[in-house]
Amino acid sequence: MIAATSHANQLATPFDPVPLPSAPGWQQLLADAVTDPRELCTLLELDPALVLPAVAAAKDFALRVPRSYVARMRKGDPNDPLLLQVLPVAAETQLVEGFVTDPVGDMDRRAAQGLLHKYQGRALLVTTGACAVHCRYCFRRHFPYGEESALQQGWLGALEHLRADTTITEVILSGGDPWSLSDRRLKQLTDALQALPHIRRLRVHTRYPIVLPERIDSGLLDWLQGVRLQKVVVMHANHAHEIDESVREACRKLAAAGTTLLNQSVLLKGVNDSVIALAELSEALFETHVLPYYLHVLDKVRGAAHFDLPESRALELHRELTARLPGYLVPKLVREIAGAPAKTAVVGL
Ligand SMILES: *Cc1c(COP(=O)(O)O)cnc(C)c1O
Ligand code: SF4
């Protein structure tokens, strides 16, 4: 026994001192995102004719996409459902009637700097303008984050409102993407929220588990585990191809840290406007222990008209999906109506 042990020790020696090459951290991966349309087209072996319009449209809203997300796209396919979500195109620069800069009336519903209190019991904190990815259809693409993030004031105004209004039981961290903040900032914020006895739930609206799952690292999980509020993570996937093993692993870790996992999607022409695409998305989410929550019809934001579908088509797709899947895999089809007391179910013309 003794001899065998010492032999094993000798064998182990040459391997032990060699450090494993450490994987780049999420901040490094974020900094290394693709931001040049030319590079994106080269990586994906796309027609170089796509570059110039992309460069022009990116002037209004820059291209930004993490490399691991690019790796999930099909090479040589200009209609890849992941590519369409991030590639700037000429259609964005055309003005289309009815498509405006603040389609959901957010700027009218400020309760404090960076705090939107539109719905009963829930307040939404705009934590940062930064996102890991720039989604071309995003309704916040024209949002004046410079002035409007709660962080500008060190959360003070927002926290003051949350402290004073004891009807608020749930705080939603949104943005931008709240997980762009450092773990230290997140902890500062949740420490302050936990000091308010009427706050019961913390919800995080984030695309990181989908577009940069490396963000779900030990630091983030330590923070989450330390939060005593009930925790809900609402992620944002629009297509089954977005969900690979790295996403599944991130979701497993989030679930193990005590979070309930939901998903919201946006119905997007060319990306997921078929019953097959929507059903596959729901199934892929469920295999990842994520329940579909909302399917949003597009907010009429300037620059996104080419993703729009007639409401009748949205309803038809939703009916077909309902006929095909168990109820718990059918997201609610909703739209945002400025001034309404909740997200409004789309029920017909
Ligand atoms: C969507 C949204 C919420 C959350 O609505 P739920 O229906 O609870 O998911 C809260 N506040 C604002 C400002 C929102 O846009
Ligand atoms: S991650 Fe969310 S907030 Fe950021 S650009 Fe995409 S949809 Fe908009």
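Reader: Is Lys118 buried or exposed?

Author: Lys118 is buried, at 17% relative accessibility. Buried means under 20% relative accessible area, exposed over 50%, and partly exposed in between (1.4 Å probe, protein chains only). This is a predicted model, in which local features need pLDDT of at least 70 and side-chain atom pairs count only at pLDDT 80 or more, while totals for chains, interfaces and linings use all residues. Residues are numbered from 1 along each chain as its sequence is written, chains are lettered from A and ligands numbered from 1 in the order in which they are written, and side-chain values use heavy atoms, with hydrogens and water left out.

Reader: With which residue does Lys118 form a salt bridge?

Author: Side chains of opposite charge can pair when their charged atoms come close. A salt bridge is a side-chain nitrogen of Lys or Arg within 4 Å of a carboxyl oxygen of Asp or Glu. Lys118 pairs with Glu336, with the closest N and O atoms 2.7 Å apart. The two residues are 218 residues apart and link distant parts of the chain: Lys118 lies in strand S2 (residues 115-119), Glu336 in the loop between strand S9 (332-335) and strand S10 (344-345). Strands (E, at least two residues) and helices (H or I, at least four) are DSSP runs, numbered from the N terminus. Glu336 is also buried, at 14%.

Reader: Which other residue does Glu336 meet in a salt bridge?

Author: Lys343, at 3.0 Å, N to O. Lys343 is partly exposed, at 25% relative accessibility.

Reader: How many salt bridges are found in the whole structure?

Author: The search finds 21. Asp32, Glu39 and Arg67 are linked in a network of them.
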